[in-house]
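Work through the exercises below with the sequence and the model open. Each task is followed by a solution in steps.

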Amino acid sequence: MAQLWTSLHHQGGTIAVGALAVPFLLRIAATARPELRAQILRLAAEIGRCQHMGDGSREGLLQVAEEPLMIEGSTMCPVDWTIQAARQAVTDDLHLLLPLLSDPDPEVRSVTAYVLAAATGELSHVSSALQCRLAKEDDAVVRVSLILAIAQLAREHQDEHAPKWVRGLWSDPGRPPEVRIGAGLAWLCLVTDPAPTELRALLTDPGTRQYDDLLQPVPWLTWIDPTGIGLRSCIDEMLTANIRETVLDDHWGGGPSS
């Protein structure tokens with residue numbers, strides 16, 4: 001696996017040959033030994049995303065596309081073309097991926113959500129499958145992964161109903177804590193509004209810190225800080241930026257966005 005990562009996703013960047021490998025990776029994942037399945041799926045997912053290591057901002061956490069002017073050095077091919085080709089390969093092979101949402105291994109389910117978030121077509125079908133899995137899922141990492149996958153699809157394809165849906169999750173005290181935390185992050189990524197006091201209290205509550213280690217395997221959070229504090233880094237960056245924007249708005253006579 002180490003050689004595959006080096007060859008197809010060297011130093012976190014997507015290269016042209018990586019997109020060509022995605023269909024093969026997905027077929028290997030569908031039939032591989034359980035202990036290899038999650039690793040192969042994660043590689044396929046990373047090939048279909050921009051380089052995002054360390055970016056836990058409201059704009060960056062769910063970002064997929066690369067800057068149009070970013071060129072891959074060895075082939076001089078626009079990196080975003082390669083990412084789009086990888087994502088198309090994911091879309092073409094949804095029939096291989098969707099069954100993996102029911103895999104016995106929670107890591108496979110979590111990373112499958114990460115891959116499916118890159119789909120470019122059949123969006124209502126993919127989102128519906130993710131929602132159905134969320135309704136029956138009992139693993140904390142998988143739950144957060146499913147929420148972020150649904151939010152990523154909604155953000156990129158401008159689903160106006162998604163912010164209300166995730167707000168309903170994080171504002172409901174009857175929901176499991178990890179669901180509320182994941183939905184809080186998703187909401188911050190889907191809107192530009194300042195974080196409400198209720199959400200800020202949830203994410204900064206000392207009790208939330210016990211989820212730092214538990215949720216570190218969530219694929220979106222792992223890359224934010226591989227040392228094990230991806231969730232905390234993400235929350236700090238999102239809420240700090242929120243305060244900075246509010247102060248600037250007040251200074252220049254503006255108000256919070258609607």
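**Exercise 1. A residue in a helix**

Solution. Step 2: Thr 112 itself belongs to helix H6.

**Exercise 2. The whole protein**

Task: Describe the protein by its secondary structure, its buried share and its surface.

Solution. Step 1: the model is predicted, and it holds 14 helices and two strands. Step 2: of the 258 residues, 52% are buried. Step 3: the accessible surface is about 11,900 Å², and carbon and sulfur atoms account for 57% of that area. Step 4: take the contacts between residues at least 6 apart in sequence; 66% of these join residues at least 24 apart.

**Exercise 3. H7 against H8**

Task: Determine how H7 and H8 are oriented to each other and which residues meet.

Solution. Step 1: two packed helices are described by the angle between their axes and the distance between the axes. Step 2: for H7 and H8 the angle is about 160° and the axes are 9 Å apart. Step 3: an angle over 145 degrees counts as roughly antiparallel, and H7 and H8 are therefore roughly antiparallel. The crossing of H7 past H8 is left-handed. Step 4: on the H7 side the contact includes Leu 123, Val 126 and Leu 130, and on the H8 side it includes Leu 146, Ile 147 and Ile 150. The residues of this contact of H7 with H8 divide into nine nonpolar, two polar and two charged.

**Exercise 4. H10 and its two partners**

Task: Assign the orientation of H8 and of H9 relative to H10.

Solution. Step 1: the axes of H8 (residues 140-156) and H10 (residues 177-190) come within 9 Å and cross at roughly 20°. That makes H8 roughly parallel to H10. Step 2: H8 passes H10 in a right-handed crossing. The residues that meet include Val 144, Ile 147 and Leu 148 in H8, and Val 179, Ala 183 and Ala 186 in H10. By class, the contact of H8 with H10 has 11 nonpolar residues, one polar and three charged.

Step 1: the axes of H9 and H10 come within 8 Å, crossing at roughly 150°. H9 and H10 are therefore roughly antiparallel. Step 4: H9 passes H10 in a left-handed crossing. Among the residues that meet are Val 166, Leu 169 and Trp 170 in H9, with Val 179, Ala 183 and Trp 187 in H10. The contact of H9 with H10 is made up of 10 nonpolar residues, one polar and two charged.

**Exercise 5. Backbone angles in two loops**

Task: State what phi is for Glu 122 and for Gln 158, and where each residue lies.

Solution. Step 1: most residues other than glycine have a negative phi. Step 2: Glu 122 has a positive phi of about 50° and is found in the loop between helix H6 (106-116) and helix H7 (123-136). Step 3: Gln 158 also has a positive phi, near 55°, and lies in the loop between H8 and helix H9 (162-170). Step 4: Gln 158 is exposed, with a relative accessible area of 72%.

Methods: Residues are numbered from 1 along each chain as its sequence is written. This is a predicted model: local features need pLDDT of at least 70, side-chain atom pairs count only at pLDDT 80 or more; totals for chains, interfaces and linings use all residues. Side-chain values use heavy atoms; hydrogens and water are left out. Axes are lines fitted to C-alpha atoms, for helices over the stretch in contact, and angles run from 0 to 180 degrees between N-to-C directions. Helices (H or I, at least four residues) and strands (E, at least two) are DSSP runs, numbered from the N terminus. Angles under 35 degrees count as roughly parallel, over 145 as roughly antiparallel, 65 to 115 as roughly perpendicular and the rest as oblique. A crossing is left-handed if the near helix is turned anticlockwise from the far one by less than a right angle, and right-handed if clockwise. Contact means heavy atoms within 4.5 Å. Ala, Val, Leu, Ile, Met, Phe, Trp, Tyr, Cys and Pro count as nonpolar, Asp, Glu, Lys and Arg as charged, and the others, Gly among them, as polar. Buried means under 20% relative accessible area, exposed over 50%, partly exposed in between (1.4 Å probe, protein chains only). Accessible areas come from the Shrake-Rupley method with a 1.4 Å probe; for residues, only the protein chains shown count as cover.
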